[in-house]
Amino acid sequence: MAYRVDLNAIGKEQVSFDFEIDDTFFAALKQAVVEDGVLSAHVDIQPKAGDSYRMQVGINGYVVVPCDRCLEPMQWHVSVQQEVNVEKTTTVPDVNSDVVLSEKDGTLDLAPLLYDFIAVAIPIQHTHAEGECNEEMINKLSSYMVN
Ligand SMILES: [Zn+2]
C-alpha cells in the first residue's frame, strides 16, 4: 500500500510525494527482473481540468541486475525523469488509453508505473566495466559452451 496515492485527497494545488524503493519493492513485483536496488522517487501531481492530472516522476539511485557477461550481480545507475497524464476514472479503464488511469475508488497504484520507468532505464545489454567481471565465472561459463 505504500506506493498508492488517493487522487480524491488532492485539491487544486500541486502535491508531491517521495518514495523509497528497495529490495522489498522489487520482491513484491513478481515479474521483476531487478532483484535489488536503492532508489528514491519524487512524484509531483499537478491537477488539471476535470479529473485529470499531470504527473512528473523523477527516480534516482541504482539497481542490482545480473551482468550479461559473467552473470554476477552488478549495480546499474538509474536516473530517470518522466511525465505522464493521469485520469481519475469511475468506470472500467480503457486499455487503449495512453493515460494512466486510477482505480475505481480514485486511488492510483504507482508501483507498476515506477517499476516500468526503472526497467526502461536498464539497457538490454548491461555488463560490468571492462576488467571488472568475474573472470573465473566467465571461464566456467565458456567451458559449458564447449561440446
Ligand atoms: Zn560481469
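Trainee: Let me start with the ground rule: two strands pair if DSSP finds at least two bridges between them. With that settled, which residue in S6 stands opposite Val-86?

Mentor: Val-100 does. S6 covers residues 100-101 and runs parallel to S5, with two bridges joining them. Strands are DSSP runs of E with at least two residues, helices are runs of H or I with at least four, and both are numbered from the N terminus. Keep in mind that this is a predicted model, where local features need pLDDT of at least 70 and side-chain atom pairs need 80 or more, while totals for chains, interfaces and linings use all residues. Residue numbers start from 1 along each chain as its sequence is written.

Trainee: Noted! How many helices and strands does the chain have?

Mentor: Three helices and seven strands. In sequence order the pattern reads β-β-α-β-β-β-β-β-α-α.

Trainee: And what order do the strands take in the open sheet?

Mentor: The order is S2-S3-S4-S5-S6, five strands with mixed pairing. S2 (15-21) and S6 are the edge strands, as each pairs on one side only.

Trainee: How do S2 and S3 run, parallel or antiparallel?

Mentor: Antiparallel, with seven bridges joining them. Asp-18, for instance, has His-42 in S3 as its bridge partner.

Trainee: What about S4 and S5, how many bridges join them?

Mentor: 15 bridges, and these two strands also run antiparallel. Ile-59 has Val-80 in S5 as its bridge partner. S4 and S5 make a hairpin with six residues between them, and Leu-71 in that turn has a positive phi of about 70 degrees.

Trainee: Which strands does H2 touch?

Mentor: H2 packs on the sheet and touches S2, S3, S4, S5 and S6. Touching here means contact: the C-beta atoms of two residues, placed from the backbone, lie within 7 Å. Leu-114 touches Tyr-3, Ile-21, Ala-41 and Ile-59, leaving aside residues up to four places away in sequence.

Trainee: Switching topic, how many residues are in the largest nonpolar core?

Mentor: It has 22 residues, and Leu-114 and Ile-59 are among those with the most contacts inside it. Helix H1 (23-28), S3 (36-47), S4 (52-66), S5 and H2 (111-120) each supply at least two residues of this core. S4 gives the largest share, five residues. A nonpolar core is a set of buried Ala, Val, Leu, Ile, Met, Phe, Trp, Tyr and Cys residues joined through C-beta atoms within 7 Å.

Trainee: What share of the chain's residues count as buried?

Mentor: 18% of the 147 residues. A residue is buried with 20 or more other C-beta atoms within 10 Å of its own, exposed with 12 or fewer, and partly exposed in between, with C-beta atoms placed from the backbone.

Trainee: I keep looking at Gln-82. Where is it?

Mentor: Gln-82 lies in S5, residues 73-87. Gln-82 is partly exposed, because 15 other C-beta atoms lie within 10 Å.

Trainee: Which residues does Gln-82 touch?

Mentor: Val-57 and Phe-117, again leaving out residues up to four places away in sequence. Phe-17 is 65 residues from Gln-82 in sequence and 15 Å from it in space, C-alpha to C-alpha.

Trainee: Last one: what box do the C-alpha atoms of the chain fill?

Mentor: Roughly 65 × 25 × 25 Å, taken along the principal axes. Also, of the chain's contacts between residues at least 6 apart in sequence, 58% join residues at least 24 apart.

Terms used: Axes are lines fitted to C-alpha atoms, for helices over the stretch in contact, and angles run from 0 to 180 degrees between N-to-C directions.
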